Amino acid sequence: MQALDSITDLHRHLDGSLRPTTFAELAARHGMEVADDFGFHEGMGLDAALACFATTLRLLQQPAAVERVASEICEDATARGVTTLEIRFAPALHQQQGASMASIVDAAVAGAAGRAGIIVCGLYGDPPALVEALVELARSRRGVVGLDLAGGPSPQQTVRLSDYASAFSKARDLGLGRTVHAAEGRAPAEIRVAVERLLAQRIGHGTTLLDDPRVTDLVVARGVTLEACPTSNVHTGVIASVADHPIVRWLERGVKVCINTDNTLMSHVDAQQEYARVAAIPGMTPARMRQVVEFGQRAAFVRE
């Protein structure tokens with residue numbers, strides 16, 4: 001891969017991106033035995049991938065641990081050439097030992113210390129009031145730059161994607177960026193709801209976008225940026241290989257896209273490796289690689 005002056009990583013989950021050494025240390029401290037092959041593997045499926053987070057979340061129930069991991073993510077990203085970084089996580093998942101969401105958010109902001117923007121996540125199926133509470137927490141915390149809806153829908157959920165519209169509207173009014181995990185191997189109709197109802201400026205994954213030309217037209221017309229996470233997509237089984245990722249076809253269609261690691265620990269990947277894998281996709285040229293970096297820089301959330 002031709003050297004790039006700077007690279008971005010706007011889609012990196014805190015609870016999936018611990019340093020391996022920190023993960024091992026915290027697991028030992030908690031008396032946890034972790035399998036040598038812990039993490040994602042090719043074709044495991046989204047549900048199995050999401051289940052892996054139960055392990056790391058057990059280690060991140062204290063503000064001090066959250067702050068440490070956020071800081072180390074920033075250090076590691078800088079060491080791997082990342083110049084624009086955003087870290088996302090769901091604060092409500094870090095309250096098993098009684099920590100408040102406010103203290104957990106403050107810990108992540110303190111750990112990032114201005115080196116990365118923090119994106120707070122609600123989860124598909126969460127009560128809309130919880131997502132609105134996250135927006136309120138962000139109001140006075142300038143280090144929080146965005147709101148996300150993560151995870152994925154399940155048949156048991158009674159809350160629809162559109163039910164989060166009020167929370168995302170409030171986020172817009174506060175100057176928060178909006179991104180939504182959508183169409184991660186599921187129907188592209190999710191993207192339409194995310195853009196039109198949740199006012200999403202970015203879409204996480206979005207692998208099926210091109211299945212609906214009307215949704216593709218909407219994304220292009222609105223200037224929405226797709227957050228591509230190819231290695232993760234192979235692991236969750238929504239694409240067969242990195243070479244099959246639609247990023248080149250997106251660019252040919254006029255879609256803005258950036259490259260991201262998603263979870264460095266879970267997928268055993270860093271930003272340089274992710275960029276190198278994308279650079280090797282058939283049709284990806286040095287000019288297109290520079291273009292996706294520029295798209296990432298422009299899509300980064302900045303609070304005025």
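Which residues of helix H7 (residues 165-173) are buried? Hi everyone, let's start there. They are Ala165, Ala167, Phe168 and Ala171. Buried here means under 20% relative accessible area, while exposed is over 50% and partly exposed is in between, with a 1.4 Å probe and protein chains only. Helices are DSSP runs of H or I with at least four residues, strands are runs of E with at least two, and both are numbered from the N terminus.

A quick word on what we are looking at. This is a predicted model, where local features need pLDDT of at least 70 and side-chain atom pairs count only at pLDDT 80 or more, though totals for chains, interfaces and linings use all residues. Residues are numbered from 1 along each chain as its sequence is written, and side-chain values use heavy atoms, with hydrogens and water left out.

Back to H7. Looking down the axis of H7, the buried residues fall within an arc of 165°, so they line one face of the helix; that arc is taken from the directions from the helix axis to the C-beta atoms. Their cover includes helix H6 (128-139), strand E4 (144-150) and strand E5 (177-182), with contact meaning heavy atoms within 4.5 Å. After H7 comes Gly175, which has a positive phi, near 85°.

Helix H8 (residues 189-196) can be read in a similar way. Glu190, Ile191, Ala194 and Val195 are buried in H8. Those residues cover an arc of only 125° around the axis, which puts them on the same side of H8. They pack against E5, strand E6 (202-205) and helix H9 (213-222).

Axes are lines fitted to C-alpha atoms, for helices over the stretch in contact, and the angles run from 0 to 180 degrees between N-to-C directions.

On the H4 side, the contact is made by Pro63, Val66, Glu67, Ala70, Ser71 and Cys74, and on the H5 side by Ser103, Ile104, Ala107, Ala108, Ala110, Gly111 and Ala112. By class, that gives nine nonpolar, three polar and one charged residues. For the classes, Ala, Val, Leu, Ile, Met, Phe, Trp, Tyr, Cys and Pro count as nonpolar, Asp, Glu, Lys and Arg as charged, and the others, Gly among them, as polar.

Let me pick out Ala110, which sits in helix H5. At 38% relative accessibility, Ala110 counts as partly exposed. The C-alpha atoms of Ala110 and Ser71 are separated by 8.0 Å, with the two residues 39 apart along the chain.

Next, H5 and H6. Their axes come within 11 Å and cross at roughly 50°, and H5 and H6 are therefore oblique to each other. Here Met101, Ala102 and Val105 of H5 make contact with Ala133, Leu134 and Leu137 of H6. The class count for this contact is six nonpolar, no polar and no charged residues. Thanks, everyone!

Notes. Angles under 35 degrees count as roughly parallel, over 145 as roughly antiparallel, 65 to 115 as roughly perpendicular and the rest as oblique.
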